[in-house]
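Subject: Model handover

Hello,

I am passing on the structure we discussed. Please look it over, then read my notes below.

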Amino acid sequence: MPPPSFLTLLGHKLAAPWVQLYRNLRQGSARLPEELIEQGPRIRASAQYGGMGERELELRMEQVIERILSNRRRVHEPAKQLVAFNHFEQRRFLESGQALAERDVELAYQFFHFGIPSLRMIDEEQWDGWLAHLGTCYDRVGVTGAVEAMQQVESYLQKVLGGARSVRLNDVDRLIESLLVGFGGRTLNVESAAEPYTDTETVYLPDLLDTCDTREENFDLLKATAAHLWAQTRYGTYRAPADAFSGYSDRARARRYFHALEMLRLDARLRHDMPGIGRILKRHNPPDAWQGLPDEWTAAVEEISDPQATVEDSLRLLETLYPTTATLPEVSYQGVLRPELAADILVKRVDEERHQLANALLSMKKELSPFQSEKEQSERFTVRRETDQVADEFAFSLEFGDEAVTPPEDVQQLLESIIQDLGEIPDEYLEPADMGAYPPASEEQEDTQPETGDADYVYPEWDHSRQKYRPDWCQLYERPITGSSEQFALDTLDRYRRLLAGLRRTFEALRDEEKRVRRELHGDEVDLDSFINAYSDYVGGSELDERLFTRMKKLDRDIAVMFLVDMSSSTSGWINDLMREALVLLCGALEALGDRYAIYGFSGRTHRNCELYPIKGLDEPYGGDVRCRISGITPRNYTRMGVMIRHLTQLLKDTEARTRLLITLSDGKPDDQDGYRGTYGIEDTRQALNEARHLGIHPYCITIDKEGMEYLPHMYGASNFAVVSQIEKLPTKVSDIYRRITL
């Protein structure tokens with residue numbers, strides 16, 4: 001006879017108050033007491049995973065399927081299996097069961113029994129699609145069809161993810177981004193889309209690629225597709241006029257022919273500039289695929305395959321080829337053209353970059369001719385093209401008057417970006433802002449001198465390429481965190497109550513820790529080193545030092561620490577949840593320790609709008625208001641670190657404490673859209689950290705960026721950072737790291 005269910009135990013073996021408690025739990029007006037969860041031999045929740053125990057899991061599932069529960073229909077076995085997962089996966093599974101129960105309680109019951117293997121096999125980003133698939137099967141065939149689908153999860157994965165040979169963009173997107181950065185030119189983002197295309201700011205690639213026979217070949221094809229789209233932005237495909245096809249009666253055919261010509265032109269350029277990528281392109285688009293076309297096409301293919309060909313050549317050949325009828329080869333990496341999207345972005349970018357260049361040239365002119373003689377006032381900037389056997393529009397030098405000048409790195413990138421869009425640097429673009437050409441002086445003043453009257457604080461920024469500060473460059477605004485509810489924090493405290501209790505005990509022991517102090521007048525033991533030194537002094541005729549003992553002394557913790565929390569858009573989703581949970585646990589542990597601590601979030605967009613979000617002040621008590629702010633932490637914009645470090649450094653500098661710490665919690669490197677990325681952002685952050693060290697402040701960084709080892713040692717030093725490789729353990733790691741660095 002099977003043992004009675006948990007529901008039966010509650011109904012028949014527990015006293016009346018427990019029966020009432022169960023009813024309240026079902027109505028959501030009470031929480032399960034810890035002593036009830038811990039009662040009995042079936043509790044098996046491992047602290048390693050931080051999840052719920054069997055009894056709580058069983059109770060939660062029984063709440064979902066209460067209407068069909070019986071002695072034979074129990075969920076004890078699923079609860080035992082679900083214990084092996086961490087809390088996030090357990091919660092995801094229970095919430096999914098609740099959602100399915102809204103369709104059919106029987107469907108939820110079967111899901112609890114047959115769906116657990118899918119929790120192990122399907123990643124979080126595919127989970128919603130999996131549930132939608134189960135719903136579709138239920139709608140078609142009922143519960144039987146849905147259960148069959150649950151048992152065929154491997155077939156579903158094979159269909160959706162493509163198996164061992166496939167490449168998922170989520171797994172390689174950073175590699176693709178690094179590859180595009182290595183190619184040079186304007187920085188491009190990488191995102192997913194049904195078909196490959198680019199709008200000249202972002203390269204869109206398919207989520208999954210399994211066209212080829214092996215994973216290596218599919219990855220090569222993905223790289224080739226990204227390189228081809230990069231070439232469209234670099235070598236001028238979108239310099240074609242927006243109305244280039246308006247004069248053709250069949251615009252779709254004109255666009256298709258133009259796209260084919262551009263593909264051939266860019267292939268030739270890539271084969272010349274990047275032979276490795278060129279070989280991949282040739283495998284997927286062999287020359288013999290273009291044989292057998294009309295004579296006009298044969299001649300056009302030969303002409304456009306010259307590495308020196310331009311987009312103007314493609315437009316000219318289009319006029320010749322349009323009257324012909326030809327079936328063109330399908331090329332796997334070609335993607336689609338989206339000129340309408342690119343045109344909107346280009347108009348905005350051209351205006352912004354012309355403005356930026358005018359201001360940059362003004363700054364350069366002031367440096368080149370600081371005293372502005374009459375002759376120097378008349379000197380102009382010019383661009384001289386340097387061509388070789390291949391027409392390279394990016395081979396140019398900048399001259400001021402009769403002398404060549406080396407522009408800073410950001411100005412060089414700006415010039416190249418303008419060439420990408422226009423094919424050249426127009427003469428009118430080379431007028432500094434104060435020459436009256438563009439923009440007006442009032443606008444220039446507004447851009448180079450921030451409006452300090454509105455900003456709460458203004459800070460300089462280190463320009464590594466010029467080896468000098470940009471004075472009063474970053475405008476910092478304090479923004480309130482809007483958190484109307486502390487429910488997230490309370491749920492976290494409840495979820496991790498055992499873990500938090502352990503952390504508090506550890507921190508309380510740290511608070512009461514004693515340390516052996518040397519060179520004391522009185523003590524428990526002889527300080528051997530001091531005794532030897534004193535004896536040497538005595539033999540040498542020097543005065544005898546009487547501080548010859550050691551004794552245990554309670555540590556006097558005089559610590560002030562500020563936590564700087566990354567609120568950039570890249571922390572969206574479960575990373576944001578983990579960071580908030582880490583802060584909740586850390587606050588709970590620090591309250592037992594007694595250290596003074598503050599928490600600030602940061603984000604922003606460009607140097608004009610750097611945003612700081614006070615979450616807890618240094619002397620503010622930890623309570624409901626702080627928990628509301630932690631719950632209200634949401635991903636926002638970019639990661640401009642230098643200005644935030646400088647601001648918190650100033651706050652810590654004025655704080656009376658023997659030890660002052662500045663700990664940054666982030667998911668990646670410095671980044672912002674106005675050139676604050678790569679070397680520039682890293683070097684400004686490093687300079688800000690050095691400024692903090694000179695003021696006696698100890699900076700430290702905790703990051704979940706797996707590539708952090710590439711830049712963190714340069715910024716923070718060899719031992720002043722930690723990379724949390726197991727991201728799901730971030731909440732516990734933060735408290736552990738804090739304990740270690742404050743010993």
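Predicted model: local features only at pLDDT ≥ 70, side-chain atom pairs only at ≥ 80, totals over all residues.

The notes below start with the whole chain and then go element by element.

Residues are numbered from 1 along each chain as its sequence is written, and side-chain values use heavy atoms, with hydrogens and water left out.

**Overall**

The protein has 743 residues, and 49% of them count as buried. Buried means under 20% relative accessible area, exposed means over 50%, and partly exposed lies in between (1.4 Å probe, protein chains only). Secondary structure comes to 30 helices and 19 strands. These are DSSP runs, numbered from the N terminus: helices are H or I with at least four residues, strands are E with at least two. Contact means heavy atoms within 4.5 Å. Take the contacts between residues at least 6 apart in sequence: 70% of them join residues at least 24 apart. The protein exposes about 36,100 Å², with 47% of that supplied by carbon and sulfur atoms. Accessible areas come from the Shrake-Rupley method with a 1.4 Å probe; for residues, only the protein chains shown count as cover.

**Strand β7 and its partners**

β7 covers residues 396-400. Five of its five residues are buried, so β7 is largely enclosed by the rest of the structure. F396, L398 and F400 point one way, while S397 and E399 point the other way. Two strands pair if DSSP finds at least two bridges between them. β7 pairs with β6 (residues 381-385) in the antiparallel sense, over five bridges. Here E399 stands opposite T382. β7 also runs antiparallel to β8 (residues 403-405), joined by three bridges. In that pair, V405 of β8 is opposite L398. The β7-β8 hairpin leaves two residues between the strands, and G401 takes a positive phi near 70°.

**Helix α20**

α20 (residues 409-422) has 14 residues. From first C-alpha to last, α20 reaches 20 Å, close to the 20 Å expected at 1.5 Å a residue. The expected span is 1.5 Å times one less than the number of residues. Its buried residues include V411, L414, L415, I418 and I419. What do the buried residues of α20 pack against? They pack against α13 (215-234), α18 (339-368) and β7. Just after α20, G423 takes a positive phi of about 85°.

**Helix α25**

α25 (residues 574-593) has 20 residues and reaches 29 Å, close to the 28 Å expected. α25 is mostly covered, with 17 of its 20 residues buried.

β2 and β4 (residues 202-205) are parallel, over four bridges. V190 has V203 in β4 as its bridge partner.

**A nonpolar surface patch**

V526, L528, F531, I532, Y535, Y538 and V539 make a nonpolar surface patch of about 770 Å². Helix α24 (residues 528-539) supplies the largest share, six residues. L528 lies in α24 and counts as exposed, at 56% relative accessibility. Patch residues have over 30% relative accessible area and no salt bridge; nonpolar side chains (Val, Leu, Ile, Met, Phe, Trp, Tyr) are joined within 5 Å, like charges within 9 Å. A salt bridge is a side-chain nitrogen of Lys or Arg within 4 Å of a carboxyl oxygen of Asp or Glu.

Best wishes
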